[in-house]
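This report describes the chains of one model and the ways in which their elements meet. The sequence and structure are shown first.

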Amino acid sequence: MNRYRQLRECSRSVVMVVVAWLFCVGTLVSAQTKNSCLDCHSNLPEPLGVSVETYSQNIHAAKGLTCAACHGGDASNDDPEKAMSRAAGWKGKIERKQIPELCASCHSDAERMKKYNPGLRVDQFQQYKTSVHGMKWAKGDTRVAVCTDCHGVHDLRAPSDPRSNVHPTNIATTCSRCHADAEYMKPYGIGTDQFTNYEQSVHHDAMVVRGDLSAPTCTTCHGNHGATPPGVANVTNVCSNCHVFQAQLFQTSPHKDAFAAMGFPGCVTCHSNHAIKHPTDEMVGTGAQAVCIRCHAEGDAGFAQARAMHDQLENLQSAFSASEEILGRAERQGMEVSQPMLQQAQAKDALLKARVTVHAFSDSELKRDTDAGLAVTRQTHIAGEQALEEWKFRQVGLGLSLFMIALTLVGLGFYIRNLERK
Amino acid sequence: MSSVPDVGVTDPSAPPDLPRRRLVNILLGTGLLASAAAFLYPIVRYLVPPKLPDLGGDAVLAARISELKPNTAKTFRFGTRPGLLIETASGEYRAMSATCTHLGCTVQYRPDLREIWCACHNGMYDLNGRNISGPPPRPLEAFEVQVRGDEIFVRRKQEA
Amino acid sequence: MASPLTSVRAWVDERFHLDEFKTLAQKKKVPIHRYSYWYFLGGMTLFLFGVQILTGALLLLYYRPGADEAFESVQLIMTQVQFGWLIRSVHSWSANLLVFMVFAHMFSVLFLKSYRKPRELTWVSGMLLLFLMLGFGFSGYLLPWNTLSYFATKVGTEIPAQIPIIGHPTLLFLRGGEEITGSTLTRLFGFHVAILPAIATLLIVVHVALIQYFGMSVPPRIETEWQANPAARREIRFFPNFVLRELMAWYVALGLLGALAALFPWSLGVKADPFGSAPAGIKPEWYFLFMFQTLKLIPAKILGMDGEMLGILAFGVIGAAALLLPFLDREKPFNTRHWISGFACVFLGYMVAMTVYGWVAK
């Protein structure tokens with residue numbers, strides 16, 4: 001009997017504590033801006049539940065906006081009837097097809113956005129309408145991406161936040177959620193290997209592995225709000241934003257008109273669009289891994305040029321390596337070769353430059369760069385040879401000197417012995 | 001104090017030099033002379049100065065006046081790194097480090113643009129070395145130029 | 001009959017009456033016993049010091065002290081000057097051999113008890129010379145102005161700074177300022193080529209003169225043996241017998257130096273960048289390693305006092321004791337001789353162990 005009373009009192013105190021705690025939490029949350037919606041909805045299960053923690057990540061919450069900003073209703077009222085009344089403008093769950101216009105109701109309003117961040121663009125919706133996603137949405141397709149699919153909804157973070165789905169390091173993953181799903185993409189008839197390919201690319205490596213945020217991701221070439229694959233004629237324009245020299249050389253090269261006539265997509269023809277691997281010297285030429293032989297065959301002018309260009313690059317590369325090797329050997333033997341090693345940097349520069357000049361697709365152009373590099377490597381190699389010669393000279397000198405010293409020692413030894421024999 | 005005869009005293013009444021003795025003397029003499037020569041030869045060579053322009057303080061002889069024309073430049077060695085000496089179109093000399101502040105490639109002067117350009121990633125610097133376009137994050141270190149006679153010397157900027 | 005040599009000698013004799021020196025020289029004897037080989041070490045040290053003077057003077061013809069030029073001038077010597085690599089490498093190798101030799105000479109004298117009366121001042125002058133050689137090593141090390149030397153000097157000058165009261169003034173004195181700058185280079189250069197050589201020359205003259213005056217010491221054990229059996233006593237003349245043998249040793253050393261210079265030329269390194277960070281695992285030259293490693297291992301606090309400072313003071317005390325060693329060797333109140341040998345043995349072992357440890361430790 002006592003025990004039952006004890007249990008009741010105990011559980012009563014527990015309940016009081018819990019209620020008090022909830023009250024505190026509730027007041028804490030609404031201490032910034034009262035958001036009565038969260039008070040209940042943070043305790044509800046999916047799909048109605050939005051935890052306090054989730055919503056606190058939202059950049060809108062940080063700017064003082066409540067759930068009512070999108071869902072309507074009255075967030076200052078604790079009474080669910082009054083908070084979620086149609087009279088207060090409550091919209092309930094927002095339908096997918098309503099989302100773009102809902103977001104645009106603020107984000108396309110320059111006057112309104114100025115108050116929060118005057119630097120923010122206000123043409124996202126306009127751009128969206130030109131995109132493939134936007135155009136399909138306009139026709140009633142509810143499976144295409146809308147604002148929340150990429151940006152998130154209740155935990156919507158600023159794009160500069162590394163945890164945001166649209167932070168540069170995460171964009172490819174976000175796009176792949178649909179675009180790598182073969183089942184989902186079936187009605188659209190486009191491939192779903194882009195993400196897998198991108199993961200093998202040098203751009204992915206730069207962005208994700210080396211952390212270079214300026215490296216391209218899906219949106220860099222395709223656009224973000226106005227997402228459209230660049231047209232065949234426009235691909236070069238996109239790549240040339242960063243790869244200036246290669247594009248300039250390409251424009252003046254015989255390939256420009258030839259590719260246009262064949263309907264080839266510029267840079268993508270040789271380098272691929274998503275699986276852009278790190279180019280090697282083997283890509284140029286007539287070898288098994290060369291891209292040139294995809295079009296050029298033995299006997300045509302292009303084939304000869306390709307072979308010539310490959311040979312030139314290979315010459316310079318092996319000359320550079322040979323110089324590195326001999327200078328390394330000299331250095332390990334203790335010779336001072338810092339000056340020619342410094343010069344090697346010039347040869348390296350020439351090699352890098354030559355690999356860009358390839359895009360002029362003219363072996364005479366390329367020759368100018370490789371010859372400059374070879375002039376340097378010739379000098380550095382000679383320096384290396386001289387260093388090794390000097391080393392040999394020193395060893396010979398040492399040997400002779402030691403021999404003479406040994407001679408003297410023997411002489412001294414005998415002299416002493418003779419001296420002391422008496 | 002010693003009862004043993006002094007060691008090493010040659011007895012003047014000893015028989016004349018044995019052939020072996022002469023051999024030893026010759027051996028010793030040759031050895032001494034030869035090793036002395038091997039010792040002195042490098043020292044004598046060392047005393048002769050190498051043919052090099054005098055450093056004259058911490059300045060480096062970058063070029064002669066005759067080597068440059070207006071709106072041209074020359075890359076020279078400055079310490080362990082390359083330097084760039086430019087004669088501007090108006091005849092002024094400018095010198096700066098030729099190591100691009102982006103990833104270390106050697107920059108060059110572009111007479112057509114009248115600016116300094118890095119071929120690796122299209123970085124641009126103005127004639128004062130300030131980075132004006134492209135990836136370079138910092139300006140090129142500027143050096144002091146001194147013209148003595150027909151020689152152009154370059155050295156690090158001195159603190160005031 | 002009148003060979004050129006004889007006529008020159010006659011000419012000199014008419015003027016300089018060198019007979020007295022000749023007689024003195026011919027009288028000088030070297031005792032021969034099973035420890036006689038240790039007698040070579042002193043001459044070897046002198047020889048190596050002579051090599052340093054010669055190569056050092058030659059280096060002076062091309063070296064430029066000054067933060068802007070020092071490294072470049074050494075680079076010039078190593079790459080452009082004919083046989084510059086040889087002179088510089090011999091100088092560096094000989095420096096290391098010299099320090100080793102001076103320690104070996106000191107320890108051999110200690111264990112053979114040559115510091116006993118009447119040779120106390122010979123020991124003191126020799127000990128001072130040892131400290132000077134370490135000073136030569138320390139000051140010379142900075143002169144190429146490369147990364148290793150810059151940071152080794154930085155670490156090395158911070159250690160005496162720990163000594164209370166005189167520590168900071170010592171640091172300022174050594175560095176020519178608060179930090180290692182071109183002023184430090186100028187100052188240490190001045191020590192290395194002028195001040196230390198002047199003092200060293202004086203001390204060497206004193207040291208050698210005292211040795212000539214007192215003659216070669218015989219270890220106590222041998223002395224006892226010879227007193228028991230006078231017939232066993234053996235001596236050879238200094239001129240020419242011992243000198244010829246010493247010449248052989250010097251030739252061997254010369255050959256060794258040449259081989260080291262040709263096979264293991266001294267590296268140039270990278271020019272010092274005061275704003276760069278110290279390379280990982282920076283440590284001083286091997287002859288300071290035992291002190292450096294000891295200070296690294298000492299706990300931060302011993303009995304409430306700063307550990308490092310206590311370590312430095314301990315080394316100071318040992319140095320002072322070493323300097324005044326002959327005066328610590330007494331028979332009253334108790335015979336200290338074996339204690340001295342024992343302690344020296346332990347300390348030698350400690351030095352070797354710490355040097356090896358410091359060398360292999362990261």
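## Domains of chain A

The domain assignment divides chain A into domain 1 (123–228), domain 2 (230–277) and domain 3 (301–388); such bounds come from an automatic or database domain assignment. Between the C-alpha centres of domain 1 of chain A and domain 3 of chain A the distance is 42 Å.

The model is a predicted one, in which local features need pLDDT of at least 70 and side-chain atom pairs count only at pLDDT 80 or more, while totals for chains, interfaces and linings use all residues. Residues are numbered from 1 along each chain as its sequence is written, and chains are lettered from A and ligands numbered from 1 in the order in which they are written.

## The contact of chain A with chain B

How many residues of chain A are in contact with chain B? There are 24 residues of chain A in contact with 21 residues of chain B, where contact means that the C-beta atoms of two residues, placed from the backbone, lie within 7 Å. On the side of chain A that touches chain B, the elements giving two or more residues are helix H18 (244–251), helix H22 (338–357) and helix H23 (363–421) of chain A. Helices (H or I, at least four residues) and strands (E, at least two) are DSSP runs, numbered from the N terminus.

H23(A) supplies the largest share of this side, with 14 residues. Sorted by class, the side of chain A that touches chain B holds 14 nonpolar, 6 polar and 4 charged residues. In this classification Ala, Val, Leu, Ile, Met, Phe, Trp, Tyr, Cys and Pro count as nonpolar, Asp, Glu, Lys and Arg as charged, and the others, Gly among them, as polar.

## Chain B: elements and domains

Chain B contains 1 helix and 10 strands, in the order α-β-β-β-β-β-β-β-β-β-β from the N terminus on. Of its 160 residues, 25% are buried. A residue is termed buried if 20 or more other C-beta atoms lie within 10 Å of its own, exposed if 12 or fewer, and partly exposed in between, with C-beta atoms placed from the backbone.

The domain assignment of chain B gives domain 1 (16–48) and domain 2 (60–156). Taken over C-alpha atoms, the centres of domain 1 of chain B and domain 2 of chain B are separated by 56 Å. Among contacts in chain B between residues at least 6 apart in sequence, 36% join residues at least 24 apart.

## The sheet of chain B

Strands of a sheet pair through backbone hydrogen bonds, either parallel or antiparallel. In chain B, 6 strands form an open sheet with antiparallel pairing, in the order S1-S10-S9-S4-S3-S2; two strands pair if DSSP finds at least two bridges between them. S1 and strand S2 (72–78) of chain B are the edge strands, each pairing on one side only. Direction ignored, neighbouring strands of this sheet are turned by 30° against each other on average.

Strand S1 (residues 60–64) of chain B pairs with strand S10 (residues 151–156) of chain B in the antiparallel sense over 4 bridges, and B:Leu61 stands opposite B:Phe153 in S10(B). Strand S9 (residues 142–148) of chain B also pairs with S10(B) in the antiparallel sense, over 6 bridges. B:Val147 has B:Ile152 in S10(B) as its bridge partner, and B:Glu144 stands opposite B:Arg155 in S10(B). S9(B) and S10(B) form a hairpin with 2 residues between them, and B:Gly149 in the turn has a positive phi of about 65°.

The secondary structure of chain C consists of 15 helices and 4 strands. The C-alpha trace of chain C spans about 70 × 60 × 35 Å along its principal axes. Of the 362 residues of chain C, 34% count as buried. Among contacts in chain C between residues at least 6 apart in sequence, 77% join residues at least 24 apart.

Which residues have the most contacts inside the largest nonpolar core? They are C:Leu48, C:Ile87, C:Val90, C:Leu98 and C:Trp145, in a core of 73 residues. A nonpolar core is a set of buried Ala, Val, Leu, Ile, Met, Phe, Trp, Tyr and Cys residues joined through C-beta atoms within 7 Å. Helix H5 (residues 84–111) of chain C gives the most to this core, 14 residues. Another core, of 25 residues, lies apart from it and includes B:Ala73, B:Leu85, B:Ile86 and B:Cys105. Leaving aside neighbours within four places in sequence, C:Leu98 is in contact with C:Thr45, C:Leu48, C:Phe49, C:Gln52 and C:Met133.

## A helix pair in chain C

Helix H4 (residues 70–79) of chain C packs with H5(C) at an angle of about 115°, their axes being 6 Å apart. Axes are lines fitted to C-alpha atoms, for helices over the stretch in contact, and angles run from 0 to 180 degrees between N-to-C directions. From H4(C), C:Val74, C:Ile77 and C:Met78 meet C:Gly84, C:Trp85 and C:Arg88 in H5(C). By class, this contact has 4 nonpolar, 1 polar and 1 charged residues.
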